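Subject: Structure handover

Hello,

Here is the structure you asked for. My notes on it follow below.

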Amino acid sequence: MTTQTPIRKTLGGKKQPSFLRNDLPGYLFIAPAVLLYLVFNIWPLIRGILMAFTDYRFVYPDTRWAFNGIENFVKLFESSKVREAAVVSAKYSLIVVPAVLLLALFTAILISRVRRGASFYRWTVYLPTILPVAVSFLMFRQMYAPNFGLINSFLRGLGVEKPPFWLGEVATALPAVGAAHLWIIFGFPTLLFLIGIYSIGEELYEAASLDGASRWQQFLFITLPLLKPTTAMVLILIVPGVFGVTDPMLILTQGGPQGSTQTLGYYLYDIAFVRGDLRLGYASSISLVVSLITAGLVALIFRWSRERE
């Protein structure tokens, strides 16, 4: 019995390279996506890093791509405005991130105990995440309105004569913005925690019950430790966006009152696109520093997630 040797296609009398025979169609299929990623993600990233070392001012064409070394970074670390914005960003993160973790975990635990209609509750919790961000924040701006807003109308109905001006007072503006942001983003972490809870075997809880462990002890010594990878994933997803946040301040407060909601993200936006001669180079240096800070925070979260109990 004879076997027939497969005939390889040739090009100009020469054997085709293997990638032309096998992989070329795949490369052609992914080429448009790769091109779009390079144009709209990689190139802006590289351009922003280069711009951080220039005195790029949009209204003065002569200054574009005028290299000034580390001058932007020296000004950045000497600026009291940047320090104040960094403090606001830290405060905002300390308000929103723990609140997201606690609310998402609590909601996930409640949904996990529902036997009928759990899909409805999962869909309801996730709904704010898929709404347009601008629409959600505009809705909260109406709710926070001092005279006819839903929240103050409710408080007046309870007998509160002078309800707070939520977005107009220094003491309440940052927590009010954080509450709106919390409502928008906590749905996805809730689903992640819910997946983590569903993955924990029921036999662990049954064995703990036989040993006399209470519900609280089961939560502390079974649920929380086994949810550590999920918690790390949630932190990695939300910390960069919360620390460098811009959208809530842009729509709700414009950084006011008295700079109490002016985060680093909003400050660099103001420098780049609103104030004065539009110092894109200086704003890019702030953006680079914010990116490095968030990258450091993510690295710490990774390290914590890999530590053994």
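Are Arg 57 and Asp 277 buried or exposed? Arg 57 is buried, and Asp 277 is buried as well (buried means under 20% relative accessible area, exposed over 50%, partly exposed in between, with a 1.4 Å probe and protein chains only).

Before the rest, a word on the source. This is a predicted model, in which local features need pLDDT of at least 70 and side-chain atom pairs count only at pLDDT 80 or more, while totals for chains, interfaces and linings use all residues. Residues are numbered from 1 along each chain as its sequence is written, and side-chain values use heavy atoms, with hydrogens and water left out.

Salt bridges

The structure holds four salt bridges (a side-chain nitrogen of Lys or Arg within 4 Å of a carboxyl oxygen of Asp or Glu). One of them joins Arg 57 to Asp 277, with the closest N and O atoms 2.4 Å apart. This pair links distant parts of the chain, 220 residues apart: Arg 57 is in the loop between H1 and helix H2 (71-78), and Asp 277 is in the loop between helix H13 (264-273) and helix H14 (280-306). Helices are DSSP runs (H or I, at least four residues), numbered from the N terminus. Asp 55 joins Arg 57 and Asp 277 in a network of salt bridges.

Another salt bridge pairs Lys 75 with Glu 71, the closest N and O atoms being 3.3 Å apart. These two are four residues apart in helix H2, so about one helical turn separates them. Lys 75 is partly exposed, at 33% relative accessibility, and Glu 71 is partly exposed at 37%. Arg 275 and Asp 270 also meet through their side chains in a salt bridge (2.5 Å, N to O). Here Arg 275 is partly exposed at 37% relative accessibility, whereas Asp 270 is buried at 8%.

Helix H7

The 16 residues of helix H7 (residues 170-185) should span 22 Å at 1.5 Å a residue, and the end C-alpha atoms are 24 Å apart, which agrees (the expected span is 1.5 Å times one less than the number of residues). Its buried residues include Leu 174, Val 177, Ala 180 and Ile 184. Among the elements that cover the buried residues of H7 are H3, H5 and helix H8 (187-198).

Ala 180 has a relative accessible area of 0%. Leaving aside neighbours within four places in sequence, Ala 180 is in contact with Phe 137, Phe 140, Tyr 144 and Leu 252 (contact means heavy atoms within 4.5 Å). Ser 136, in helix H5 (residues 133-143), is buried at 2% relative accessibility. Residues up to four places away in sequence aside, Ser 136 touches Pro 128, Leu 131, Trp 183 and Ile 184.

Helix H10

Which residues of H10 are buried? They are Gln 218, Phe 219, Ile 222 and Thr 223. These cover an arc of only 120 degrees around the axis, which puts them on the same side of H10 (the arc is that of the directions from the helix axis to the C-beta atoms). Trp 216 and Phe 221 are exposed on the other side of H10. Helix H3 (80-112) and helix H9 (202-210) are among what covers the buried residues of H10.

Helix H1

Phe 40 is found in helix H1 (residues 18-51). Phe 40 is exposed, with a relative accessible area of 59%.

Regards
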